Amino acid sequence: MLAISKSFYSLILTWCCIFVLIFYVVYVLEESNSNETDLHFHKTLLMAEENNKYSILLPTYNEVENLPIVVWLINRHMTEAGHDFEIIVIDDGSPDGTLDAAKQLQKIYGENKIVLRPREKKLGLGTAYIHGLKHAKGNFIFIMDADLSHHPKFIPQFIEKQRERDYDLVSGSRYIGDGGVHGWDFKRKLISRGANFLTQLLLRPRASDLTGSFRLYKKHVLENLVGNCVSKGYVFQMEMIIRARQFGYTIGEVPITFVDRVYGESKLGGSEIFQFANALLYLFATT
Amino acid sequence: MTKLLEWLTAFSILVTIWIALLTKKVDNSFVEQHPQLLLYSPFIAIILFGLFALAVVLYRTFTFNNAELAAAELQKEIQEARTSLTKLGYKFPSKLS
């Protein structure tokens with residue numbers, strides 16, 4: 001009996017050692033990747049914090065009901081926190097008059113606060129960011145949904161987080177701390193958690209929420225990432241954060257609540273799941 | 001090194017060890033006494049990991065915050081915003097009323 005358990009333990013021990021070794025090798029490799037950001041970290045620390053300007057990119061399509069509310073909330077929270085900001089509305093030719101709503105808002109809040117960058121028709125999210133970035137005056141860029149699922153009250157928290165350690169990007173996460181979702185049934189939650197688990201396992205992204213699109217970027221970081229991402233649709237957000245890790249950018253996280261669309265329809269169908277699986281495999285093989 | 005390569009590396013190391021033990025290139029008395037256990041160990045490992053994954057995902061699904069407060073607060077703020085915007089001269093599309 002004793003002999004069995006002894007050899008059994010030695011077998012287990014060997015396996016454990018192998019696992020530890022593998023994890024150590026992976027850890028060392030990843031650390032060496034991220035070291036180059038340290039230099040950058042010290043350089044940007046010297047920049048005066050007070051001169052920061054935040055450009056908030058709002059790509060819209062049929063958001064006539066949500067846009068005024070979002071703009072009003074952004075204005076309230078940014079003014080309260082005393083941050084300099086501008087909102088860049090990139091409307092993709094919405095037939096519901098989103099652009100007219102944006103023009104009204106521009107009259108109320110002024111042309112330096114609301115910037116309109118409309119496009120003729122619905123084009124990709126990535127090109128919307130490139131389009132908006134061209135005219136962004138801020139050194140920091142916020143990306144968020146204009147459908148009220150992302151609450152502007154979190155914006156000052158993103159800024160605080162960013163300043164803590166001069167992060168290159170701060171990502172909102174539904175999966176940590178007080179974060180959460182509203183309006184999701186069991187099936188939707190299960191798919192979300194399952195997909196997240198699989199992604200964490202395969203990609204080890206060091207960020208808990210990959211498909212969320214409420215994020216704060218340094219302008220040059222976003223410019224670099226957008227130029228290097230090829231995905232379309234919502235998996236674009238996933239590629240952005242995975243590439244960020246690949247390039248060694250530092251990532252901070254803020255818990256956010258995601259309130260599913262108050263007005264309008266939310267979508268999660270077979271094609272979204274297929275897109276997700278596709279993107280996951282692509283990133284698994286290439287990053 | 002891509003994630004795919006990392007996985008393949010780890011996987012091939014484990015397979016190498018497994019085959020070495022299976023073909024008795026490496027002596028281990030426990031393995032010699034339990035050849036069945038060794039033979040099925042990859043499947044056992046996969047099943048155990050599957051159970052672990054299932055437990056984690058289900059636990060996280062059930063403990064996923066519902067953000068009821070945030071949703072209620074948002075509804076109030078929408079009303080607030082609409083009143084305030086109307087005062088500022090914003091005209092909401094008539095179909096909403």
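Which residues are buried in helix α8 of chain A? I took this up first, working from a predicted model.

**Helix α8**
I looked up residues 219–228 of chain A, which make up α8. Lys219(A), Val221(A), Leu222(A), Leu225(A) and Val226(A) are buried there. They cover an arc of only 155° around the axis, which puts them on the same side of α8(A). Next I checked what covers them. The cover includes helices α5 (125–134) and α9 (235–246) of chain A. It also includes strands β4 (140–143), β5 (169–173) and β7 (215–218) of chain A.

**Aromatic pairs**
I counted 15 aromatic pairs over all chains. I picked Phe186(A) and Phe62(B). Their ring centres are 5.3 Å apart and their planes meet at 35°, so I noted the pair as tilted. Phe186(A) sits in α7 of chain A and Phe62(B) in α3 of chain B, so this pair joins two chains. Phe186(A) is partly exposed, at 42% relative accessible area. Phe62(B) is exposed, at 60%.

Then I turned to Phe49(B) and Phe52(B). Their ring centres lie 5.8 Å apart with planes at 45°, so this pair is tilted. They are three residues apart in α3 of chain B, about one helical turn. I recalled that an α-helix has 3.6 residues a turn, so residues three or four places apart point the same way. Phe49(B) is partly exposed at 36%. Phe52(B) is partly exposed at 46%.

**Cluster and charges**
I found one aromatic cluster made of Tyr54(A), Phe140(A), Phe142(A), Phe158(A) and Phe214(A). Which charges lie over ring faces? Lys113(A) lies over Phe85(A), 4.8 Å from the ring centre. Arg174(A) lies over Phe258(A), at 5.5 Å from the ring centre.

Notes: Residues are numbered from 1 along each chain as its sequence is written. Chains are lettered from A and ligands numbered from 1 in the order in which they are written. This is a predicted model: local features need pLDDT of at least 70, side-chain atom pairs count only at pLDDT 80 or more; totals for chains, interfaces and linings use all residues. Side-chain values use heavy atoms; hydrogens and water are left out. Buried means under 20% relative accessible area, exposed over 50%, partly exposed in between (1.4 Å probe, protein chains only). Helices (H or I, at least four residues) and strands (E, at least two) are DSSP runs, numbered from the N terminus. The arc is that of the directions from the helix axis to the C-beta atoms. Contact means heavy atoms within 4.5 Å. Rings of Phe, Tyr and Trp (its six-membered ring) pair if their centres lie within 6.5 Å; planes under 30 degrees apart count as stacked, over 60 as edge-to-face and the rest as tilted. A charge sits over a ring if NZ of Lys or CZ of Arg is within 6 Å of the ring centre and within 35 degrees of the ring normal.
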